[in-house]
Amino acid sequence: MAIVLRVRASWEIRMAKITAGIGTSHVPAIGAAIDHKKLEQPYWQPFADGIAPAREWMAQHQPDVCIVIFNDHASSFSLELIPTFAIGVADQFAPADEGYGPREVPVVNGHPELAWHVAESLIQDDFDMTIANRLEVDHGCTVPLSILFGEPENWPCKVVPICVNVIQYPPPSGSRCYALGQAIRRAVESFEQDLNVVIFGTGGMSHQLQGERAGVINQPFDRAFLDALVDDPESVAARPHTEYLREAGSEGIELVMWLAMRGAMDKQVDEEYRFMHVPVSNTSYGLTIIKNKL
Amino acid sequence: MRDIRDYDDIPGTYIMDGAHNRKGYHLNMFCMSLNKQENRDRFAASEADYLQSFPMTEEQREAVLNRDWLRMLQLGGNIYYTFKIAAFDGLTMQHVGAEMSGSNMTVEDFRQMMLEGGRPIDGNRSKSESKLGNQNG
């Protein structure tokens, strides 16, 4: 009996691929403005105009999966349990009640097969992930989806949520987040399914919600951060926590999550779109879309 | 007291480090409980009674009852937690921001400051150059 050896040539295997990276703030007031149809009000008009090209870009790009890197804000996690990095592997993630009822947005559908592959790969790659089979997603995840996808009946893609602790000090360093992004890329690109994957880094930009210094904004810092994030990410990754706290406000430290997105891209990238606006609530808003150079 | 940290020098800023967590754990976990409607209903029915069900300090309970947003931070609160009380009251982050500024700032003043580009970073990087209250640390 003949044994037929089946060899799959490498060109037959279509692997998943990270095709773009998006950085965006995830301010809850944006979610409220979208949900309550306020984007046409004068306060929101510049913001609405600024995100419109990104929505058009996203409608063209049609990702199968978005990996959304965000922080939980006392919604699914609390001070009882503070994972530095967590990944959601469930079929679905319901919008969380953050204290005023859940946002009325579609449930977020997961991609358990990809998520488990990424979780296993990251842990084998020395990132000690917390694995979440149950995770409710707060504004950190749903507001970026609303910004890029608008108000669809269902989100048009699957989502792999990755949570980074940035509330309890110390959060992971910028360089650790950057390395996490590199490891996420290795994980995605070893997944044997033809998937168009977009990665989001969310939070920021400069803002401080608390204390006598509440309201602090540093637009020169934000512009320099974005410039360097695009062109010289390793210099950004080397910045210490206190530089963010001092220069970008205590909650501006969320920007380390943009480094996780950036780590998943090539060193050389093209920035396809950028929009910045002050104020959005008590924050400086930023949005960038980057792609690897061809 | 913990060791001195380089961020202690940032004015008007309460960093949620280990010492802060220990001080504010029960206060913050009370705030966390407001994620559930049934607990919001209990808090609405009697704030003082509901607060008794958490092993907080009397000072922390008073700060909650008085909606003393800055005091809550000084007693170990974290803004993402204490803001749940503000959301319960129907207040925005501008209300809380104005009151925490501790300089008789009104909500309108705070909104206007944000529209004009926010609180300037220049002059507010370190305690030595800042005119803000330095009650942290």
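Reader: How many salt bridges does the structure hold over all chains?

Author: The structure holds 25 of them, counted over all chains. Before we go on, this is a predicted model, where local features need pLDDT of at least 70, side-chain atom pairs count only at pLDDT 80 or more, and totals for chains, interfaces and linings use all residues. Residues are numbered from 1 along each chain as its sequence is written, chains are lettered from A and ligands numbered from 1 in the order in which they are written, and side-chain values use heavy atoms, with hydrogens and water left out.

Reader: How do you know that chain A and chain B are in contact?

Author: Contact means heavy atoms within 4.5 Å. By that rule, 42 residues of chain A touch 51 residues of chain B.

Reader: What is the area buried between chain A and chain B?

Author: About 3800 Å², with carbon and sulfur atoms giving 57% of that. Buried area is the accessible area (1.4 Å probe) that two parts lose on being put together, summed over both. On chain A's side, Leu79(A), Glu212(A) and Arg246(A) supply 21% of what chain A buries against chain B, more than any other three residues.

Reader: Which side chains meet in a salt bridge between the two chains?

Author: Glu247(A) and Arg125(B) do, at 2.8 Å from N to O. The count between chain A and chain B is three salt bridges. There are also 32 residue pairs in polar contact across the interface, both residues at pLDDT 80 or more. A polar contact is a pair of N or O atoms within 3.5 Å; within protein, one must be able to donate a hydrogen and the other to accept it, and residues adjacent in sequence count only if both atoms are side-chain atoms.

Reader: Which element of chain A gives the most to the side that touches chain B?

Author: That's α8(A), with four residues. The touching side of chain A divides into 15 nonpolar, 18 polar and nine charged residues. Here Ala, Val, Leu, Ile, Met, Phe, Trp, Tyr, Cys and Pro count as nonpolar, Asp, Glu, Lys and Arg as charged, and the others, Gly among them, as polar.

Reader: Why are β9(A) and β1 of chain B called paired?

Author: Two strands pair if DSSP finds at least two bridges between them. β9(A) and strand β1 (residues 119–120) of chain B have two bridges, in the parallel sense, so they meet the rule.

Reader: Which domains does the assignment give chain B?

Author: Domain 1 (15–90) and domain 2 (91–121), with bounds that come from an automatic or database domain assignment. Their centres, taken over C-alpha atoms, are 22 Å apart. Ten residues of domain 1 of chain B are in contact with six residues of domain 2 of chain B. These two domains bury about 780 Å² between them, 77% of it from carbon and sulfur atoms. In domain 1, Trp69(B), Ile79(B) and Phe83(B) lose the most area to domain 2, together 56% of what that side buries. Between these domains there are zero salt bridges and one residue pair in polar contact, both at pLDDT 80 or more.

Methods. A salt bridge is a side-chain nitrogen of Lys or Arg within 4 Å of a carboxyl oxygen of Asp or Glu.
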